[in-house]
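Please find below a colleague's note on the structure shown here. Comments are set out as numbered points.

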Amino acid sequence: MSKMWQISVPGSTANLGPGFDSIGLGLSLYLKLTVSVQENWEIIHLDDNGPKEFELEEHLLYVIAKKIADQFGKQLPACRVEMASELPLARGLGSSAAVIVAGIELANQVCELGLSVQDKLNLSSQIEGHPDNATASVLGGLTISSMNENGIVDTFHVNDIDAAFVVFVPDVELKTSESRSVLPEQFERTYAVHASANANMLAAALMARDFKRAGRYMEADLFHEPFRAKLIPNYTEIHKEAKANGAFGTALSGAGPTLISIIPTTIADDFVKAMKNKFSDHQIILTKADEHGIQVK
């Protein structure tokens, strides 16, 4: 009987407003892989949250697993991989970061690389280019991270986030590259100081678990949301309705087009019902912070 691995990776939201490219939160929405070694490569998507048609050599999971095996001088054996994902593609819920983290873990397991958690943080963040979604997928919970010029990641990790999160997923994709193109190349110093103060306050409020104050700063971003808002369906309306129905705050999830609200757990059901009535063209998902990060059985 050949060995089989079950790899589970949480999706994530990044930024939460002004925590641009640095704050991430693992969500209880998962990418799950069942992996076994066999004669030929086979990647099977069990749902629509994966590419319909693909060449193996271009599939992100394979590309990453091969890259990591090569980097450590190992031969990557052929695998059968079944992938089930609760993460819609190109919607700002960390679907590509989750696949990258899964690809690293696949190579780690089948090639017996013995990677440390720090290795996984560094490798995934280097490939992604910034550490927000990647660290959240590796660790779960709330992550506040910085990556230096050598690609070494330093992370504060906070678990037990006692709040609920609601994501508003529109029926449109938004590639990160497209949403990056609307951002200014530079900011005036006074503007940058203000933007950075808001990011510091957001991080501090989250670490202190002062979600009411965190919600206020989630809506005070100056780094990216003012420029991306016009690309996002119902951006203003969702902010307004969420606030009126008791949300602490609402922000873009990553680069969008999904929006995410942080709400008290006590109002979760009523809040979701109200939002489904108002925004029937969005998929509205109630979730919470993931507590475990990547898991392998």
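The points below concern a helix and its surroundings, a helix pair and a set of aromatic rings.

1. The model is predicted, and the remarks that follow should be read accordingly.

2. Helix α4 spans residues 132-139, and eight of its eight residues are buried, so the helix is largely enclosed by the rest of the structure. The buried residues are Asp132, Asn133, Ala134, Thr135, Ala136, Ser137, Val138 and Leu139. Their cover includes the helices α2 (95-110) and α3 (117-128), together with β1 (4-15), β2 (19-37), β5 (142-147) and β6 (153-158). Just after α4, Gly140 adopts a positive phi of about 70°.

3. Helices α2 and α3, both named above as part of the cover of α4, also pack against each other, at an angle of about 135° and with their axes 10 Å apart. This makes α2 oblique to α3. Their crossing is right-handed. On the α2 side, the contact involves Ser96, Ala97, Ile100, Val101, Ile104, Glu105 and Asn108, which meet Lys120, Leu123, Ser124, Ile127 and Glu128 of α3. By class, six nonpolar, three polar and three charged residues take part in this contact.

4. Five aromatic pairs are present in the structure. One of them joins Phe187 and Tyr191 in a stacked arrangement, with 5.1 Å centre to centre and 25° between the planes. Phe187 counts as partly exposed, at 29% relative accessibility, and Tyr191 is likewise partly exposed, at 28%. Through ring pairs, Phe187 and Tyr191 belong to a cluster with Phe223 and Phe227.

Methods:
Residues numbered from 1 in each chain as written. Predicted model: local features only at pLDDT ≥ 70, side-chain atom pairs only at ≥ 80, totals over all residues. Heavy atoms only, no water. Buried < 20%, exposed > 50% of the residue type's maximum accessible area, 1.4 Å probe, protein only. Helix = DSSP H or I, 4+ residues; strand = E, 2+ residues; numbered from the N terminus. Contact = heavy atoms within 4.5 Å. Axes fitted to C-alpha atoms, helices over the stretch in contact; angles between N-to-C directions. Parallel < 35°, antiparallel > 145°, perpendicular 65-115°, else oblique. Left-handed = near helix turned anticlockwise from the far one by under 90°. Nonpolar A, V, L, I, M, F, W, Y, C, P; charged D, E, K, R; others polar. Phe/Tyr/Trp six-rings, centres within 6.5 Å; stacked < 30°, edge-to-face > 60°.
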